[in-house]
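Q: Hi! Could you walk me through this model, starting with the surface?

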Amino acid sequence: MADIRPLSDAWSFREGFEEDWTRRDLGGEPVALPHNAVDLPFDYFDETAYQRAFTYQRVIDWQDAFENRELILRFDGAMADAHIYVNGDLVLRHADGYTPFQLRLTDRFEDGTCRVTVRIDGTENPLIPPFGGRIDYLTYAGIYREAWLELRAPISVARVKVETPEPLGARQSVRARIWLDATVPIEGTARVELLDPDGAKLAETTAALTEESLDIAFDGLQGLRLWSPASPAMHRLAIRLDTTAGTDSHETAFGVREARFTPDGFFLNGERVKLMGLNRHQAFPFAGYAQGRAAQERDAEILKFELGCNIVRTSHYPQSPWFLDHCDRIGLMVLEEIPGWQHIGGAEWKDETVENVRRMIERDWNHPSIILWGVRINESPDDHDLYSRTNALAHELDSTRQTGGIRKDVRSELLEDVYTFNDFILGDFELPTSQRTRTALRDPREVTGLDRDVPYIVTEYNGHMYPTKSFDQEQRQIEHVTRHLEIIDAAHADERIAGCIGWCMFDYNTHKDFGSGDRVCHHGVMTMFREPKFAAYAYASQAEPASNVVLKPVTFWARGERNIGGTLPLMVLTNCDRVELRVSDGKTLELVRDRERFAHLPHPPMMLTHDMVSPEDLGRWGQEWPDAEVVGFVGGKEAACVRLLAAPVADRLQMVPDRSESPCQVGEVRVIVRALDQAGNTLPFLSAPLSLTLTGPGRIVGPSLKTLRGGTSGVWIRPEGPGTVTLTAASPRFEPRETAIQFT
Ligand code: GAL
């Protein structure tokens, strides 16, 4: 394998920038990448705090292993405008915060060292997309992804693009274009092996190297394993160069699959699949964008395994390679798009946008999980010339994928292959001026204005139409859930609609012009710590019970939380076949599936309505409030049970690290802390101080003194070396809790 070394440690960081610093020791604070220039508080902050310049410096010492190698320094991402100096000389500028950039250090060692200084400007520079207008998210400054030092031969592989034409044919093909980097005349051979998901060699070919790129074809193949969410089989191309300048090797992972949006819905490998998913920002509380591999991978796992989604939209920009690699591995489909939000800038800005299409596609074209490119600025108005350019470039670079471009305006010009639309019509009925009754989704033809069906997907809904905090009143929670269910149902009802991607996975920090005034958009089906709100189970309960039994009563179970009191109608989000409510005196009430309102959902919620309950069953206002049990059955057997307590008290703290394997190998671990009642339910309205202490080689990301909000909080622990980290959580009303995490 190519020698690629992490270069994320031993950076020096300083606020501001002075040209003179590029030539001498920065004398800043020692930091590691990923790094967030300014850790903002959880809420009510001034978001201009990071909109200024910062400096990073790394001195690389010469090593014998560098002899006769090309040295390439690669950054996976830095926000927003990076100027890179080597030994005082400006050698590169990269003005996109979401894509990688690299520079050659080979001849730049002086007296055995090479001083790399990076000026990061977090200013919202109107010449750089997504800036120039207002955006409903934050673009936290810093070198927020990893950096790498690649040691390559003088002739090496620069990039590879793999295509698998006719993946469903009796004979399959794998074709690749390999681009070389060469600092000497190109002469030699390339041996390319095709490896199956288990690493077994399926085919091999050798070609002479003469030019800067070469094309490889494996044709007439049979039985290549297809990539799908159920079976995310990844193949690899292993390339070895033997040249007059030595040897070099490179591996590229790819998948074999056919993804097709049609006027009749979405088809994966020839089978109709209804897409159901959520939008994701790459943001985290306190750390901003700066979380590494583990946290990125975990988000993909949450979407797929906890929320039951089969697609995510990387709103509104190319996201971490760790995240996308994991989407490939676990089988989560992706709609990826270029940076931007409603605003389109001037000529220079538009040129950057076209370049952003190139940067995104060239970085990500081998990900089988990516099934659609978003090549418009999210929710921007039509711009015939700009979007003709972005579409043409996307098709030229990648003839295998369709394009979309996320819009909010109806009847906008369709230059893409797929009409990708944010449909916020549900909620419109609350406007006094609205002419409509409650409508989940508009008819696709009403949206497109076309007299024919075209490939169509709903890329956002709900969000600002119904912001909901995890501890908001129970009736609001039910309405929040109901709105998500209604839209998922409507998307399932119409075969022309490929699917729906809701707004959004979790709450996120934002600018003052959006959100609840606290710099938070409470739009998530999860909190910022990725704790599920009730609406999360609207998605989770659509999965089959074989993968995850879901049983979630949408109630805080109290006599007086709802208007008028009581908990009826009671909604239970579940994929169980039967659900019972058992009340204290041994009486059992059978819930019914709500197929009337949700005829098309795989698993409509179960309901207990007023007419199914007699006054004695749960008692009236002024009478004793009972305990209850919600019991779910799958295939006639009890599969899940939730105990609801009439008299919950603050019983204990719970700490749940999100990695169970030991030792943890891939970085940050998120630990959720919950205040529980005697039955293990989170106390939904409890606020209490929470103090966290850590011993061992790691640190707490963000403050160590916080508040349990709605009975819960979370924290990310970042390892700072191998060993065992012990995290203790203390809160005045509880026994302290401790969890130990072993890092390699
Ligand atoms: C959309 C926008 C998203 C987010 C959402 C909130 O208009 O594309 O970024 O702001 O509204 O509902």
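A: Happy to! The accessible surface of the chain is about 28300 Å², and 47% of that belongs to carbon and sulfur atoms. Areas come from the Shrake-Rupley method with a 1.4 Å probe, and for residues only the protein chains shown count as cover. This is a predicted model, where local features need pLDDT of at least 70, side-chain atom pairs count only at pLDDT 80 or more, and totals for chains, interfaces and linings use all residues. Residues are numbered from 1 along each chain as its sequence is written, and side-chain values use heavy atoms, with hydrogens and water left out.

Q: What share of the residues is buried?
A: Of the 744 residues, 59% are buried, meaning under 20% relative accessible area (1.4 Å probe, protein chains only).

Q: New topic: how many aromatic pairs are there?
A: There are 29, counting rings of Phe, Tyr and Trp (its six-membered ring) with centres within 6.5 Å; planes under 30 degrees apart are stacked, over 60 edge-to-face and the rest tilted.

Q: And are Phe 42 and Phe 529 stacked or tilted?
A: Their planes sit at 15° with ring centres 5.7 Å apart, so they are stacked. The two are 487 residues apart in the chain, and both Phe 42 and Phe 529 are buried.

Q: What about Trp 557 and Trp 625?
A: That pair is tilted, at 4.7 Å centre to centre and 40° between the planes. Trp 557 is buried at 3% relative accessible area, and Trp 625 counts as buried at 12%.

Q: Which tyrosines form a cluster?
A: Ring pairs link Tyr 50, Tyr 98, Tyr 137, Tyr 140, Tyr 144, Tyr 289 and Tyr 317.

Note on methods
Buried means under 20% relative accessible area, exposed over 50%, partly exposed in between (1.4 Å probe, protein chains only). Helices (H or I, at least four residues) and strands (E, at least two) are DSSP runs, numbered from the N terminus.
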